[in-house]
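Q: I would like to learn how to read charges and helix faces in a model. Could we go through one together?

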Amino acid sequence: MPAARRTAAPGRRRAVRALRRLPLHLAAAATVAACLFPVYWMATTALKPSPDIQSDQPRLLPRTWTLEHFRTAVSADGFGLFWRNSLLVTLSAVLLALLVALGSAFAVARMRWRGRRAFLLLVFTAQMAPWESLIIPVYIISRDTDMLDRLPTLTLVYFMVTLPFTIVVLRGFIATVPPELEEAAQVDGCTRPQAFLRVVFPLLAPGLLATSLFGYITAWNEFAYANFLIIKQQDSRTLPVWLSSFQNTFGTDWGATMAASTLFALPALVIFLVLQRHVTSGLAAGAVKG
């Protein structure tokens with residue numbers, strides 16, 4: 001075979017492979033565009049003047065830019081208070097879920113005990129159950145125990161919602177850590193809890209970050225429970241409920257609503273971008289073994 005033909009063959013094969021992958025790349029690009037367009041529209045609407053927002057001829061790029069809607073959102077009543085409430089409830093629920101799930105996941109992944117499979121089945125069932133189906137029972141229990149209009153009630157609800165997923169992911173992640181590492185630490189004089197804390201726990205950082213981010217986003221964005229359980233005590237509201245305060249008898253202030261929504265989404269976006277690599281590796285490792 002001539003040298004020119006041999007050198008051209010690899011290039012032709014690469015071109016054929018690229019052509020075959022073109023539909024997948026186009027589908028991926030279309031999916032990304034469909035997912036990002038609502039976010040883009042929210043951010044650009046927050047920067048448009050009110051006449052452009054209400055225009056019957058929408059534009060992809062604003063003709064002029066303004067920060068007036070952001071000033072309106074930040075200066076609205078309760079912005080700092082509701083931000084603090086959301087942060088307090090979210091972090092408390094995530095930390096509580098991590099503490100409980102870590103012990104449960106270790107017991108399921110490392111120990112063999114009667115009822116283990118039934119426990120796992122219950123965890124998976126709780127994970128698959130729609131959260132909205134529990135609103136009425138949770139409301140009745142909160143009302144009968146005088147726990148309405150309290151932030152600890154929201155914390156317990158968000159803890160209940162995020163706990164099954166946290167157990168499932170941490171269980172798979174712990175299963176990827178060789179038990180021989182703990183056994184070697186025990187041979188060196190560590191007790192079983194000490195071996196777990198000194199050897200296994202440092203290796204769980206990606207899994208802990210992945211589950212923490214999921215719990216954070218779930219609790220941070222939750223609206224239904226916060227709207228049903230916080231009724232009279234308005235100072236205990238969270239940011240998702242606060243977003244509905246830009247409605248009045250004259251309609252909805254869409255510019256301020258979009259600006260407040262942009263500010264509301266920024267913390268989760270920043271945390272995800274910072275922890276993206278660890279979160280991806282944590283979810284992948286947590287799905288390897290069961």
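Q: In which helix is R17 found?
A: Helices are DSSP runs (H or I, at least four residues), numbered from the N terminus. R17 is found in helix α1, residues 3-47. This is a predicted model, where local features need pLDDT of at least 70, side-chain atom pairs count only at pLDDT 80 or more, and totals for chains, interfaces and linings use all residues. Residues are numbered from 1 along each chain as its sequence is written, and side-chain values use heavy atoms, leaving out hydrogens and water.

Q: Is R17 buried or exposed, or partly exposed?
A: Buried means under 20% relative accessible area, exposed over 50%, and partly exposed in between (1.4 Å probe, protein chains only). R17 has a relative accessible area of 40%, so R17 is partly exposed.

Q: Which residues gather with R17 in a patch of positive charge?
A: A patch is made of residues with over 30% relative accessible area and no salt bridge; like charges are joined within 9 Å, nonpolar side chains (Val, Leu, Ile, Met, Phe, Trp, Tyr) within 5 Å. Lys and Arg count as positive. On the surface, R12, R13, R14 and R21 gather with R17 in such a patch.

Q: How many salt bridges does the count come to?
A: Side chains of opposite charge can pair when their charged atoms come close. The rule asks for a side-chain nitrogen of Lys or Arg within 4 Å of a carboxyl oxygen of Asp or Glu. The count comes to three.

Q: Which residue does E68 pair with, and how far apart are the closest N and O atoms?
A: E68 pairs with R71, at 3.0 Å. Both lie in helix α3 (residues 68-74), three residues apart, about one turn of the helix. E68 is partly exposed at 40% relative accessibility. R71 is partly exposed too, at 48%.

Q: Which residue meets R143 in a salt bridge?
A: D144 does, at 3.2 Å from N to O. R143 is partly exposed at 46%, while D144 is exposed at 55%.

Q: What does R150 form a salt bridge with?
A: D146, with the closest N and O atoms 3.7 Å apart. R150 is partly exposed at 39%; D146 is exposed at 54%.

Q: Which residues of helix α6 are buried?
A: In α6 (residues 135-144), they are I135, V138 and S142. Seen down the axis, these buried residues fall within an arc of 70°, so they line one face of the helix. The arc is taken from the directions from the helix axis to the C-beta atoms.

Q: What does the face of α6 turned away from its buried side carry?
A: That face carries the exposed residues I136, I141 and D144.

Note on methods
Areas by Shrake-Rupley, 256 points an atom, 1.4 Å probe, with all protein chains shown as cover. Charge placed at Lys NZ, Arg CZ, Asp CG, Glu CD. Helix = DSSP H or I, 4+ residues; strand = E, 2+ residues; numbered from the N terminus.
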